[in-house]
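The entries follow in the order I looked things up.

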Amino acid sequence: VCYQVRMFGSSETGWRIRPPFELPVIYEDDHFALVNKPAGVVTYKQGNSVSGDALLSVRAALPFVLSPPKIGTYSIMRRPASVHRLDKPTSGLLVNAKTKPAMMNLCQQFHDRVIRKTYLAIVNGIPEERFEESISSKDAAKLGVDVDPQSDALWQVIDFSLDGKQSVTVWRALQYTRSLHAKDETLTFVELKPKTGRHHQLRRHLAWVCNTPIVGDKKYDGGEPASLKFRNNGMFLCASRVVLEHPHFNTPGGRQEWKSLPEEKKRGIVWEREDGTLMVTANIDVPDKFSSLMEREADRYEKLHELPA
């Protein structure tokens, strides 16, 4: 039985029409799922039109890629739904509920900042690393972001209000690549850990605070010549990692269900924390266009850059 036929099946709403893009499933059980949203696809669009963004949405695609929960699962939703959104030009991990209790639990986790996300991006220029805004991995973990407190890495903190609300992002540079067209002749590959989830937080923090907009971000790149050169391949921002509490296996009934699963089903991205909480950790690689851009710009710089006398 397919979701789109049994639970959505109405030719009037168009749910039988499969959207023309791939939506890889990273993890799925009877209660929730993680999918890898491609760039250029909206998460959710109001309305039932079979044309435009309503069809080119994760909402329209989920019934074709997810399996219905098994018969007897409590309070199955009529169709699976995303619990949060990713901007249209952003790719990466998206959390989706398949039952009403899972939806309520996951929404509460987002509200309470239990769910922790990591993003990877390429920015135009060299983001300044200030001593007074540098913190250890131990202190970063205390802030409530997904950082290994035992790591030796140092992190930068952006605490810059957006729309009148406190907005905090923790970040570090991972790689620098020379580029003839970039600001300061450099592209920087960065890792980002948002503590808060304000509208376009990462995009605005990088553009307004660091003065290094995300490559391909037409809204916040300022329209400068150094930015216009990179607008043809979309935006280089990916939600690459998510850590959350399993929305069902930590309930009394869910714990019994977990214990009854065969051992091979317990291996993978679900794991048990020291306090007994069953956690979910998922990671994906960034799209190939990230490495392609860095390699192409490095090769061009090496071939064409005129060394000083």
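Where is Gly268 placed? I find Gly268 in the loop between helix H8 (263–266) and S11. Helices here are DSSP runs of H or I with at least four residues, strands are runs of E with at least two, and both are numbered from the N terminus.

**Ground rules.** I am working with a predicted model, where local features need pLDDT of at least 70, side-chain atom pairs count only at pLDDT 80 or more, and totals for chains, interfaces and linings use all residues. Residues are numbered from 1 along each chain as its sequence is written, and side-chain values use heavy atoms, with hydrogens and water left out.

**Gly268, continued.** I looked up its cover next. Gly268 counts as exposed, at 64% relative accessibility. The cut-offs are under 20% relative accessible area for buried, over 50% for exposed, and partly exposed in between, with a 1.4 Å probe and protein chains only. I also checked a distance: Gly268 and Thr281 are 13 residues apart in sequence, and their C-alpha atoms are 9.0 Å apart in space.

**Overall build.** I counted nine helices and twelve strands in the protein. The radius of gyration is 21 Å, close to the 19 Å from the globule rule for 309 residues, so the protein is as compact as a globular protein of that length. That radius is taken over C-alpha atoms, and the rule is 2.2 Å times the number of residues to the power 0.38. The C-alpha atoms fill a box of roughly 75 × 50 × 40 Å along the principal axes. Of the 309 residues, 48% are buried.

I then turned to contacts, meaning heavy atoms within 4.5 Å. Among contacts between residues at least 6 apart in sequence, 65% join residues at least 24 apart.

**Surface and charge.** The accessible surface is about 15,800 Å², and carbon and sulfur atoms account for 49% of it. Areas come from the Shrake-Rupley method with a 1.4 Å probe; for residues, only the protein chains shown count as cover. I noted 43 positive and 38 negative charges, with mean positions 8 Å apart. Lys and Arg count as positive, Asp and Glu as negative, while His and the chain ends are not counted. Each charge is placed at NZ of Lys, CZ of Arg, CG of Asp or CD of Glu.

**Helix H5.** Which residues of H5 are buried? I list Gln201, Leu202, Arg203, Arg204, His205, Leu206 and Ala207. That is seven of the nine residues, and H5 is mostly covered. The buried residues pack against strand S5 (116–124), strand S7 (154–159), strand S8 (168–178), strand S9 (186–194) and strand S10 (237–245).

Arg203 is buried, at 6% relative accessibility. Leaving aside neighbours within four places in sequence, its contacts include Asp87, Asp217 and Tyr220.

**Helix H2.** H2 is mostly covered too, with seven of its eight residues buried. Among them are Val58, Arg59 and Phe64.

**Positive phi.** Most residues other than glycine have a negative phi. I looked for exceptions. Just after H5, Asn211 takes a positive phi of about 60 degrees. Asn211 lies in the loop between H5 and helix H6 (225–228). Asn211 is partly exposed, at 48% relative accessibility.

Ser75 has a positive phi as well, near 55 degrees. Ser75 belongs to the loop between helix H2 (58–65) and strand S3 (76–82). Its relative accessible area is 23%, and Ser75 is partly exposed.

**Arg273.** What does Arg273 contact, neighbours within four places in sequence aside? I find Glu245 and Met279. Arg273 lies in the loop between strand S11 (270–272) and strand S12 (278–283). At 30% relative accessibility, Arg273 is partly exposed.

**Cysteines.** How many disulfides does a search of the whole structure find? I get zero, a disulfide being a pair of cysteine sulfur atoms within 2.5 Å. For Cys210, the nearest cysteine sulfur is that of Cys238, 19 Å away. Cys210 is buried, at 12% relative accessibility. Cys107 is partly exposed, with a relative accessible area of 35%.
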